[in-house]
Amino acid sequence: SEPGNHTLLMGFVLSGLSNHPELQHLLFFTFCFIYTITIIGNLLIFMVTVHPTLRTPMYFFLRVLSFLDISTASIVVPKMLVTFLSEDRSISYMGCVTQLYCVIFLGATEWYLLAAMAYDRYVAICNPLRYAIIMNSRVCFSLVLLSCCSGNVVSVVQTAWVVTLPFCGSRKINYFFCDIPPLIMLSCADTSSYEKQIIAATVLVIFTPFCLILVSYACIISNILKISSAEGRQKSFSTCSSHLTVVTLYYASGTLIYLRLKASNSQDTKKFLALIYTTVIPTLNPLIYSL
């Protein structure tokens, strides 16, 4: 128990993105610029879509998505920027647990929200005359609340499992933020059963909403193909293209990270994938949806 108590007192050390000193300043300015673009782009999306003429379910969900993107980037990037310039890369135990909870909560909530947005597109294209009745404000708020509650349950369970793990060895996390895969690699206990639970949770959290998205788009495509005019089909496809792009990026990176937890030889790959869904996607979303 002494090493475990030592971890509780001392916390962890983040290795960051790179161990090359000559790259630290370049990485700092690069990701500082990306973070600035993320905040400005998502705030612009948020401010533009509150216009009275854009108070529709699609733009309501887009505002929530922008808020989640700002929150995700703000949980991860500022601490990452500090590690680029400071020799002290430590993070307290409670700080690490808090960051882990927030990242899982925001990520899981966004997965469920993307499923809700797919349902919104399904109703808009397949039931256009009843769209305003089906997707009323109460339904929209309920879908967002359900997404948040589901994300909270997932995060609480996953974080509680990680907290119970004994950390007896090195305190150095080979990552740029506290996440499940690098923390599992630090544990000195047998984590095979825990890894199975994580994979089961990944299937439940990622593939369940993803299957709902697939069903929605199967119905959408079937309906679009019935449209006689080429212009009508193109217009219908264009309303879904941005959402499909975000879904592909987000679900692909999340699945590859959490289905192979202890693959140490792919740690750099996991860093790259984590960088995509915590930093790159929040930056790209405003551009994708604006186009």
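How many salt bridges does the count come to by the rule used here? The rule takes a salt bridge to be a side-chain nitrogen of Lys or Arg within 4 Å of a carboxyl oxygen of Asp or Glu, and the count comes to one. The structure is a predicted model, in which local features need pLDDT of at least 70 and side-chain atom pairs count only at pLDDT 80 or more, while totals for chains, interfaces and linings use all residues. Residues are numbered from 1 along each chain as its sequence is written, and side-chain values use heavy atoms, with hydrogens and water left out.

**Charged and polar contacts**

Side chains of opposite charge can pair when their charged atoms come close. The salt bridge joins R121 and D120, whose closest N and O atoms are 3.0 Å apart. Both R121 and D120 are buried; this term means under 20% relative accessible area, whereas exposed means over 50% and partly exposed lies in between (1.4 Å probe, protein chains only).

D179 is found in the loop between β3 (172-173) and α7 (180-186). Such elements are DSSP runs numbered from the N terminus: helices (H or I) of at least four residues and strands (E) of at least two. With a relative accessible area of 0%, D179 is buried. Its side chain makes a polar contact with the side chain of Y277 at 3.5 Å. A polar contact is a pair of N or O atoms within 3.5 Å; within protein, one must be able to donate a hydrogen and the other to accept it, and residues adjacent in sequence count only if both atoms are side-chain atoms.

**Aromatic pairs**

The structure holds 12 aromatic pairs. Rings of Phe, Tyr and Trp (its six-membered ring) pair if their centres lie within 6.5 Å; planes under 30 degrees apart count as stacked, over 60 as edge-to-face and the rest as tilted. Two of the pairs are listed below.

| Pair | Centre to centre | Angle between planes | Class |
|---|---|---|---|
| Y119 and Y122 | 6.1 Å | 35° | tilted |
| Y175 and F177 | 5.3 Å | 55° | tilted |

Y119 and Y122 are separated by about one helical turn because they are three residues apart in helix α4. Y119 counts as partly exposed at 32% relative accessibility, and Y122 is partly exposed with a relative accessible area of 24%. Y175, by contrast, counts as buried at 0%, and F177 is buried with a relative accessible area of 0%.

**Pockets**

Rolling a probe the size of a water molecule over the atoms shows where empty space is left. On a 1 Å grid over the protein atoms alone, a pocket is an open set of points where a 1.4 Å probe fits, with protein on both sides within 12 Å along at least five of seven lines; lining residues have an atom within 4 Å of a point.

The largest pocket holds about 320 Å³ of space. Of its 17 lining residues, M58, S238, T239, S242 and Y289 are the closest to its centre. The largest share of this lining, five residues, comes from α9.

The second largest pocket has a volume of about 270 Å³. Among the 15 residues that line it, the closest to its centre are Y112, A115, A116, L143 and L212. Here α8 gives the most to the lining, with six residues.

Methods: Grid points are joined across faces, edges and corners, and a volume is the space filled by probe spheres set on the points.
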